[in-house]
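Here are my notes on the two ligand sites, as promised. Have the model open while you read.

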Amino acid sequence: MRAALPALLLPRAAREPLGEAAALLPGFATAEADALPALLQALWREAPLRHMVTPGGARMSVAMSNCGEAGWVSDRRGYRYERCDPHSGRPWPPMPAQLRELARRAASAAGFEAFEPDACLINCYTPGTRLSLHQDRDESDLHSPVVSLSCGLPATFLFGGLRRSDPLRRTPLFHGDVVVWGGPQRLAFHGVAPLLEGEHPLTGRRRINLTFRRAF
Ligand code: MD3
Ligand code: FE
């Protein structure tokens, strides 16, 4: 018996299916992911990456920003969506049209027609950064899917079931991969394992993840 390969080394064909109503679209958005770093540089001048604080007072290791009409924020008062960036007091930068359209095409490819995201959360990981197990339930519309786009270094995505104690499966997410979550999986617990050390030609020592949601 060979030892199991770490998830990041598995051939694509061996990557686990994600279950009912969650579609992994490998390489669906390679072109958009290639263009993303330049696009984000301009956006981050308006709404810089920052480490938010959880209601419990812990600093999140993921650095975050937003674009779109709604932006996800966390502070001592809780998790919620806001129209304005608390840093600047100004509305979040608009969601670039090519990203909105990508999210719409991906949702449609996974069977969710007419997806109209109003929020795009931008997560930035450096080696050692992780995202602990959670559900995404701050959106008022939980019937719309969540669409995610990965850019830069690969990460191991962890996904469980509707209870925190359900067993976790793991799948690697690479530059250009898109995942669409909806239906029964929309409220599944999920997280990201600590990012491994590495260097990506477009992002350096970083992984960037965009999630598109219908928040308001
Ligand atoms: C499954 N982001 O921002 S994307 C998040 O890679 C988040 O940065 C991770 O979890 C990241 O909330 C994972 C894939 C993802 C996003 C939303 C989901 C999976 C999901 C919502 C419900 C179920
Ligand atoms: Fe999430």
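Predicted model: local features only at pLDDT ≥ 70, side-chain atom pairs only at ≥ 80, totals over all residues.

The points below cover the basis of the model, the iron site and the ligand 1 site.

1. Residues are numbered from 1 along each chain as its sequence is written, with chains lettered from A and ligands numbered from 1 in the order in which they are written.

2. Start with the metal. His134 (NE2), Asp136 (OD) and His190 (NE2) coordinate the iron ion (ligand 2) at 2.0 to 2.3 Å. Donors here are N, O and S atoms within 2.8 Å of the metal (3.2 Å for Na, K and Ca); water is not among the atoms, so sites may look incomplete. Along the chain the donors are spaced H-x1-D-x53-H. His134 belongs to strand β6 and His190 to strand β11, so the pair ties together parts 56 residues apart in sequence (strands are DSSP runs of E, at least two residues, numbered from the N terminus).

3. Both histidines turn up again at ligand 1. A polar side-chain atom of His190 is 2.9 Å from a ligand 1 oxygen atom, and one of His134 is 3.2 Å from an oxygen atom of ligand 1. For Arg213, the polar side-chain atom lies 3.0 Å from an oxygen atom of that ligand.

4. As for the shell around ligand 1, β12 gives the largest share, 4 residues.

Note on methods: Heavy atoms only, no water. Polar contact = N/O pair within 3.5 Å; in protein donor to acceptor, adjacent residues only side chain to side chain.
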